[in-house]
Amino acid sequence: MELNLVFPYTFCENFHGTSFARLLRHIRFIHADSPNFNIRCGINGCERRYVVFESFRKHLQRKHGQSLDDVVLGQDVLPENEVPADIDPDRLVDRPGPNEGLQNLGIVQHADNNADLKHKLALLLLKVREVHKLPRTVVDTIFQELKNLVILNQQQMEQSVRTAFLEQGLGPDAANFLDDDLHLVNAFEQLSSEFKQMKYFRESFNYIDPIEVMVGDSAKENLLYVPILQTLKVLLSHHDVLAQVLNGHAAQDDKLNDFCDGSYSKSHGLFGSDPHALQIQLYYDDFNVVNPLGNRVKTYKIGAFYFTLGNINPCFRSKLYGIQLLCLCRSEVVKKFGLSAVLRPVIEDLRQLESDGLYLNVDGVQYTFVGSISMVVADNLASHGLGGFIESFNSLRICRFCLGTKTEIQEKFDSDEFELRTEAGHRHQVETVRLHPTLASTYGVVAASPLIELEYFSVLSGFPPDLAHDLFEGVVPEILTMALKRLVVEEICTLGAINRAIQTFPFVGSDKCTKPISMSSELNSFRVKQTASQAWCLLRLLPLMLGDIIPLANQYFEVILLLVAVVELVCAPVHNGSTLALMKSKITDLLHLVKELFPDFRMKPKCHFLVHYPDLTAKYGPLSKCWAMRFEGKHSYFKQVARQTKNMKNICLTLAKRHQLLQCFFSSGDNFLVDHSDFIGTGGYVVSKEILHQAVIDVLGNSLNGRDDVHCFKSVTVVGVRYEKGSVVLLEASGDLLHTFGMIDMIVVVDSEIYLVGKFLVTTGFSEKYHAYEVEKGENFFSCRPSELVRYGPMPFYKRGVDVAGFVVSRCYIIR
């Protein structure tokens, strides 16, 4: 939500008046506590933005004090005879209350201020308690102390007013209005208990109560279920979410950008025929809220089901508050009663969504949406458990995509060599195993999936692979460990040299946040043990770290470079037919080379799953859009709440209620998603047009709109992506790998539009040794908006020696 202070660009339909003082009060008391508060100054063209009102107020005093003398005097921003023609004059009139004469005392409030103050106080409670994750007892103490301060201030003010009235010769009756409580005191009273607060949250903030469902006889054998139909109604009541569903984001060309572009979605019985059908992406995993090395791990291991709406653009789906809670229960309950019993209320609601649909009235317009589960995102163990496949990966058949045996996956590395599972064959196998349970290992199936009750869900097509677990917690560390060990054994490098290269490498940008840690210096115990994001970072930058030490022709270095190329292709955010063919070729070459160099290495199931990645990408769209990594980020919230509250009596109920309160805070604004036009800038400064390089003025062109001063920032963050001086962006993709890059020298903001300004980088070639683009700094300038980039987001730039200016390391394969 962008707020623009300058008239006539009004940002609120409910504000009436031209007084700057009143405008600032309106922003402070009505908008400042909104979840996505973001305000642009706009005074004299100032482009500074703030997400904290107090910082904005100090900016006005510090930078625009002389320009805003009329604010201190209470004068109007616009003279009455200069009201713009397109603005209703009635909206620019200060509308006095019935006791306007007392406003100079600052006592009389508007009639609806009680509700406004109550609303603001409720938002404050939610923000302090849920965003900052404080225990309820701490929040209650703060609340009571604030209330006492307000009452004390009221009493002191009341005494001062009565004394002033007597000094002015007014009778005692003149102060009778002071006998009434101030609205703020009333607001405190109306929210003075947990019961009153929860009642208000339900009425005003769309709070959805988690339902406690008893799965067994014991009180601990319960399930906390957040009704999915109610959650969808709240989501779709926001205009921006509704617009995402109605407009869609399917590609208009032959490229694969998301699930909606894949072959599965296009041929689906529901999503293929109804572009507005709700695509529910379900997630399932377990997490611990206690020390994983303690003796209460099993007791407090929680099974969590989340979901997100696949109709929403991926850049918004990645926000943690966009991931909704569905169920929480102890893992012991899942193990004892099974997933069918746990998911019973979920399946009943989903069947209703499939058959009857969801009825919604928004601004008097009636909508009906049907929907179903589009996919289940989970690691392999959870996918097999929920899909009814065998959870032991030592059985004869271990793949949920094909019928390959554990012997065949050691010898075949092309998906065309495996027989895929079919719907008819799977139903036959499930029935056979039901009659003869000993055949479970033979078929790799143990039972029917509980989700089979859904009309539009396919077990064989509903569980895409998770590249975060397959690659970064499986294939990548395994192959890197073997290759680096062999390099050490052959005395090409040492473990000490590898660790020093990691420790001394000059990580830049987002790589600083995911830089890998040092590993064991003993060969016998050496393993690549990193988190998924650290393993990805290490793999991408390892050729730069070790490229000067290891000869390019070394076969073990070759396998590392081939692994880098495979990961680049698999993680690409966009695909087409040529990239899928290249991916298939690279994966086959990689697995053949691994088997050739390490003949004793037994291919694990995660290695075999790679074989199916090209076909699965064509089916589901880019696999990076349906991985589990972002869902796992949701676990951290629940872990932090559990640590802060220290309440383990009914931990699932505590976590579910706290999460729903957090969600109702984020749902309290008019919009739920972050607007593309909103950005957060740091290090703002003003540059006179006179000292700008003429080439910069030329590339900015008409965007300056005749301004004499240019507002710049050291960095800006747009939809979670940070751009800063020195970052490299992709301006044009080329088929010969000589892509056009540019290095940002300054970030200019004009009328809320961001312009990245810098010099072109001349690409001299692609270095196989460093697996990076060799670039030199050019002389010509460029200017573009972030939305105009070929690839959204910056790319890391690293210096290496003196032969070239530097190297650009791409995280993903660049498609033309």
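This is a predicted model: local features need pLDDT of at least 70, side-chain atom pairs count only at pLDDT 80 or more; totals for chains, interfaces and linings use all residues.
Me: Which side chains meet in a salt bridge at 2.7 Å, N to O?
Reply: Side chains of opposite charge can pair when their charged atoms come close. A salt bridge is a side-chain nitrogen of Lys or Arg within 4 Å of a carboxyl oxygen of Asp or Glu. Here Arg-344 and Glu-453 meet in such a bridge. Arg-344 lies in helix α14 (residues 344-355) and Glu-453 in the loop between α17 (440-443) and α18 (467-489), so the pair ties together parts that are 109 residues apart in sequence. Helices are DSSP runs (H or I, at least four residues), numbered from the N terminus.

Me: How many salt bridges does the structure hold?
Reply: The structure holds 25 salt bridges. One of them joins Arg-317 and Asp-258 (3.0 Å, N to O). Arg-317 belongs to helix α11 (residues 314-317) and Asp-258 to the loop between α9 (239-247) and α10 (263-267), so this pair ties together parts that are 59 residues apart in sequence. There is also a network of salt bridges linking Arg-129, Glu-130, Arg-136, Asp-140, Glu-194 and Arg-658.

Me: Are Arg-317 and Asp-258 buried or exposed?
Reply: Buried means under 20% relative accessible area, exposed over 50%, and partly exposed in between (1.4 Å probe, protein chains only). Both Arg-317 and Asp-258 are buried. In the other pair, Arg-344 is partly exposed at 29%, and Glu-453 is partly exposed at 33%.

Me: Which residues make the nonpolar surface patch?
Reply: Patches are made of residues with over 30% relative accessible area and no salt bridge; like charges are joined within 9 Å, and nonpolar side chains (Val, Leu, Ile, Met, Phe, Trp, Tyr) within 5 Å. Accessible areas come from the Shrake-Rupley method with a 1.4 Å probe, and for residues only the protein chains shown count as cover. Leu-124, Val-138, Ile-142, Leu-146 and Leu-149 make a patch of about 390 Å². Helix α5 (residues 136-167) gives the largest share, four residues. Leu-149 lies in this helix and counts as exposed, at 55% relative accessibility.

Methods: Residues are numbered from 1 along each chain as its sequence is written. Side-chain values use heavy atoms; hydrogens and water are left out. Helices (H or I, at least four residues) and strands (E, at least two) are DSSP runs, numbered from the N terminus.
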